[in-house]
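Trainee: I am new to this structure and would be grateful for a close look at its pockets. Please also relate them to the metal site and to the strands of the sheet.

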Amino acid sequence: MARAEGGAILIKNGFVFDPWNGIDGERMDIAIMDGRIVEDVPEREALVIDASGMTVMPGGVDIHAHIAGSEVNAGRLLRPEDHFKDVEPRTPATRSGVGYSVPSTWTTGYRYARMGWTYVSNPSMPPLEARHTHEELDDTPIIDKATYPLLGDCWFVLEFLAAGMVEECAAYVAWMLWATKGYAIKIVNPGGLECWGFGHNVRSIDDVVPYFNITPREILRGLARVNWLLDLPHTIHVHTNRLGQPGNWVTTVRTMDCVRGLPGPNGRSIHVTHVQFSAFGGDDWASMCSMAAPIARYVNMHEHVTIDMGAVVPGDTTTMTADGPFQYGLHELSGNKWVNHDVETETSSGIVPYRYRRKSVVNAVQWAIGLELALLVEDPWRVFLTTDHPNGAPFIAYPRVIEWLVSAKAREVTMRRMRRRALKRMVLPSIDRELTLHEIAVITRAGPAKALGLPGKGHLGVGADADVAIYALDPERTDLSRDHVAVRKAFERAAYTIKSGRIVVKDGRVVASPEGRTYWVYVEMPDWAEEVVRSIASAWSERYTVSFDNYPVPEDYLAIPYKLVRKARLS
Ligand SMILES: [Zn+2]
């Protein structure tokens, strides 16, 4: 059995779910050589894994989880109680670690790998704190990753867009992606974070941001155009205005609609993230209800949108977001401790511990909304599984979410323990759809990989990265709906996780801990772009405590950088 890394592996006789390549549970072999999927390998030269009676999928792809950076680290500092209740003991292959909702970096890598996930996007990086973020990503083993700089409230972005200088804004954004080694444009509560610097927030997508004379709608449309001009692999990645407020579903639909007709990768122009938090009906907390249905209807009718769930799972967690005003509201509402932070002229952020309770009407409705979104959006290629880790639940809850998605019975069991008043405010009791393993493979692998434009991820075709998850789940002998607990257990502990052609997990135990790659996007720009960037250098020293020259993170600062090169649509 012992084989050197990078060698040949043959996974025999598994039930393969590879939706990208149209493979739906066929019994077949998967061959691996030198870290890639290949047509075939000679059996006698390969390490053979007998996957008979097991489910084989590409490695999981997480489009949105807060796993690294100053905000995550502040969450760790804020919550010693989160650490001592959850300890990861040292093993011959792994370091020790701690943390339930905000685990330490090494533990984060191990726990993803244990579930069969091999890629994670860290979605919320203040550009100024890119260095710290990459340090933590480098310390997060096994998984590949990327990180999105927060650009929706940067002063330079707001000024360029308010002046109608979209191409100049594109030059600045291309530079920021290079300077921060970032992957996509992240927008959180556009305009609202800037207002928060003055203790305010925006109330709609057409509210004017004070001092900048620009609206959230103009920021969204402007950055969607920038995104297209730079030919970025992913769309703008948007956390809506009014997140977490009753009645916010209207703002969410308007946000999706405001970029309709704009071009983008694969015909998409926006990804709206953790939509659960943005799908509230009602006028206040007393009347708050699920509005997942109209949002799903909008998504079903409009191809330009992708979303992720932001599912809530009852239990204790830590909420953290760049949405400073939202976190202040949650702190007021819950009375829990709170961190508030303002990152110079770039963004805000906040952290508040939170416990979702089954018996709370609002929390029960939140739980339902996340699942409703995945069940009501008809096309699984446009809705992805997330918990907005750790906001809706720690990522280790994914198997639990999968259990509810494949089994109406599992949902019923949970709903029986909720208040009747809560059940009246959701549509979940009337939904009988149950996702298939094929659909689970789409929403956890193929779909997010495609939306991210990640080369070699999310599928098992020849040439793909050899990132494979094997689960002890026999789809021919398991009634997913009835045996939902078996489904959850299988996803909690992969029988095997293979990362870049190397076995990293066996029988749910981490057996190797190699370093993963960090993807970032370099955009080739015309010559004039450099002058635009130089023109902001003079204003820089008035705005930043860090000098212009010290700001960029050099590529060799990253342990294993993976540079995606794009060419701007600019002359
Ligand atoms: Zn988030």
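Mentor: What follows takes the pockets in turn, then the metal site, and then a sheet. Please keep in mind throughout that this is a predicted model.

Let us begin with the largest pocket, which holds about 560 Å³ of space. Its lining is made up of 32 residues, and those closest to the centre are Gly244, Trp285, Phe326, Leu330 and Leu333. Two or more lining residues come from each of strand S17 (315–321), helix H11 (324–334), strand S19 (347–356) and helix H12 (361–376). Among the contributors, H11 gives the most to this lining, namely six residues. By class, the lining of the largest pocket comprises 14 nonpolar, 15 polar and three charged residues.

The second largest pocket has a volume of about 340 Å³. It is lined by 13 residues, of which Trp175, Tyr522, Val523, Met525 and Glu530 are the closest to its centre. Here the elements that supply two or more lining residues are helix H6 (166–180), strand S25 (518–524) and helix H18 (528–543). H6 provides the largest share of this lining, with four residues. In the second largest pocket the lining divides into 10 nonpolar and three charged residues, with no polar ones.

We may now turn to the metal site. A zinc ion is coordinated at 2.1 Å by His64 through NE2, His66 through NE2 and Asp388 through OD. Along the sequence, these donor residues follow the spacing H-x1-H-x321-D. His66 belongs to the loop between strand S6 (60–62) and helix H1 (70–78), while Asp388 belongs to the loop between strand S20 (383–384) and helix H13 (398–406), so the pair ties together parts that lie 322 residues apart in sequence. His66 and Asp388 are both buried.

Residues 270–272 of strand S13 and residues 305–308 of strand S16 run parallel and are joined by three bridges. In general, the strands of a sheet pair through backbone hydrogen bonds, either parallel or antiparallel.

Conventions: Residues are numbered from 1 along each chain as its sequence is written. This is a predicted model: local features need pLDDT of at least 70, side-chain atom pairs count only at pLDDT 80 or more; totals for chains, interfaces and linings use all residues. Side-chain values use heavy atoms; hydrogens and water are left out. On a 1 Å grid over the protein atoms alone, a cavity is a set of points where a 1.4 Å probe fits but cannot get out, and a pocket is an open set with protein on both sides within 12 Å along at least five of seven lines; lining residues have an atom within 4 Å of a point. Grid points are joined across faces, edges and corners, and a volume is the space filled by probe spheres set on the points. Ala, Val, Leu, Ile, Met, Phe, Trp, Tyr, Cys and Pro count as nonpolar, Asp, Glu, Lys and Arg as charged, and the others, Gly among them, as polar. Donors are N, O and S atoms within 2.8 Å of the metal (3.2 Å for Na, K and Ca); water is not among the atoms, so sites may look incomplete. Buried means under 20% relative accessible area, exposed over 50%, partly exposed in between (1.4 Å probe, protein chains only). Two strands pair if DSSP finds at least two bridges between them.
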